[in-house]
Amino acid sequence: MRNVLAIARRELSAFLVTPMAYVIMAGFLVVLGLFFALNVLYFSRQATLRPLFQTMYALFLFVGPALTMRLLAEEQRTGTLELLLTAPVREVEVVLGKFLGGFGALVVLIVLSGFYPLLLSFFGPPDRGPLLTGYLGALLFGAAAIALGLVASSLTQNQIVAWVVAFAIFLVLWAVDGLAGSVGGAVGNVLNYLALFPHFDGLSKGVLDSRDVVYFLSLTAAGLFTTTLFLEARRWR
């Protein structure tokens, strides 16, 4: 556990001292606030948090790959990954440390987004149910985004390629929802369960379903397990 925390602390510290960190934070908060304001003031005209969380989840499709694209790809490019793997540290510890570092950066963004519910509270107390499930969904979705982004980052030395691969994975999971509706039957039900949108849509409405929680935890576990297998294969290559 000590190795995991040391790697996580190093990654989070390295992220927070780079200009890119503040570009990502500023872009995330500006886009999130813009869509939130437009929905509340012009489209829905209701003091609801649902547009905030739906926009946040959509932004994670871009932000997740941006936070993870360097975690393993840059280590491979500079050759430091081989040094890390030859140290007295297991592959799973490397993966968990990288994951916690990236997830910690995402948590910083989630905490900063708390400004918008606070702002909305001046117009009326927001419904506590959607507020809690919305942020729970953000944490679960964010964990899955970081885990799957790590898979992409472990496949290449190029950070841009890692971002594109991770975004493509999320895009497929997003698009599966539309395919499920056209297929129908048992296959359609399976595709519908694999789709991202139905799972975070319920959480943004204030509906807490154990199937949604299991879905995001399963994506996270699958991403971490796959990344660990890739690193183990690299050690013995």
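Visitor: At what angle do helix H1 (residues 2-16) and H6 pack?
Guide: The axes of H1 and H6 are 7 Å apart, where axes are lines fitted to C-alpha atoms, for helices over the stretch in contact, and angles run from 0 to 180 degrees between N-to-C directions. Helices are DSSP runs of H or I with at least four residues, strands are runs of E with at least two, and both are numbered from the N terminus. The model is predicted, so local features need pLDDT of at least 70 and side-chain atom pairs count only at pLDDT 80 or more, while totals for chains, interfaces and linings use all residues. With that in mind, the packing angle of H1 and H6 is about 40 degrees.

Visitor: Is H1 parallel or oblique to H6?
Guide: Angles under 35 degrees count as roughly parallel, over 145 as roughly antiparallel, 65 to 115 as roughly perpendicular and the rest as oblique. H1 and H6 pack at about 40 degrees, and H1 is therefore described, relative to H6, as oblique.

Visitor: Which residues of H1 make the contact with H6?
Guide: Contact here means heavy atoms within 4.5 Å; residues are numbered from 1 along each chain as its sequence is written, and side-chain values use heavy atoms, with hydrogens and water left out. On the side of H6, the residues that take part include Glu93, Gly97, Gly101 and Ala105. On the side of H1, they are Asn3, Val4, Ile7, Ala8, Arg10, Glu11, Leu12 and Phe15.

Visitor: How many helices does the protein have?
Guide: Read along the sequence, the pattern of the protein consists of α elements, written α-α-α-α-α-α-α-α-α-α-α-α. The number of strands is 0, and the number of helices is 12.

Visitor: At roughly what angle do the axes of H3 and helix H6 (residues 91-112) cross?
Guide: The axes of H3 and H6 come within 10 Å of each other, and H3 is oblique to H6 because of the angle between them. Phe60, Val63 and Leu67 of H3 meet Gly102, Ala105, Leu106, Leu109 and Ile110 of H6 in this contact. The crossing angle is roughly 140 degrees.

Visitor: Is Phe60 buried or exposed?
Guide: Phe60 belongs to helix H3, which covers residues 50-68, and beyond four places in sequence it touches Phe28, Pro65, Leu106, Ile110, Ala138, Phe141, Gly142 and Ala145. Buried means under 20% relative accessible area, exposed over 50%, and partly exposed in between, with a 1.4 Å probe and protein chains only. The relative accessible area of Phe60 is 1%, so Phe60 is buried.

Visitor: Which residues have the most contacts inside the largest nonpolar core?
Guide: A nonpolar core is a set of buried Ala, Val, Leu, Ile, Met, Phe, Trp, Tyr and Cys residues joined through side-chain atoms within 4.5 Å. This core has 58 residues, and its largest share, 12 residues, comes from H8. Leu196, for example, touches residues beyond four places in sequence, among them Leu61, Phe141, Trp174 and Leu219. The residues with the most contacts inside the core are Phe28, Leu196 and Phe216.

Visitor: How far apart are the axes of H8 and helix H11 (residues 197-205)?
Guide: H8 and H11 pack at about 150 degrees, and they are therefore roughly antiparallel to each other. Pro130, Thr133, Gly134, Gly137 and Phe141 of H8 meet Phe200, Leu203, Ser204 and Lys205 of H11. The distance between the two axes is 6 Å.

Visitor: What is the relative accessible area of Leu139?
Guide: Leu139 lies in helix H8 and, apart from its neighbours within four places in sequence, touches Phe103, Val107 and Ile110. Leu139 counts as partly exposed, because its relative accessible area is 34%.

Visitor: Where does Ser154 lie?
Guide: Ser154 is buried, because its relative accessibility is 10%. Leaving aside neighbours within four places in sequence, Ser154 is in contact with Leu72, Gln76, Thr227 and Phe230. Of these, Thr227 is in helix H12 (residues 210-235), and Thr227 is buried as well, at 0% relative accessible area. Ser154 itself lies in the loop between helix H8 (128-153) and helix H9 (159-183).
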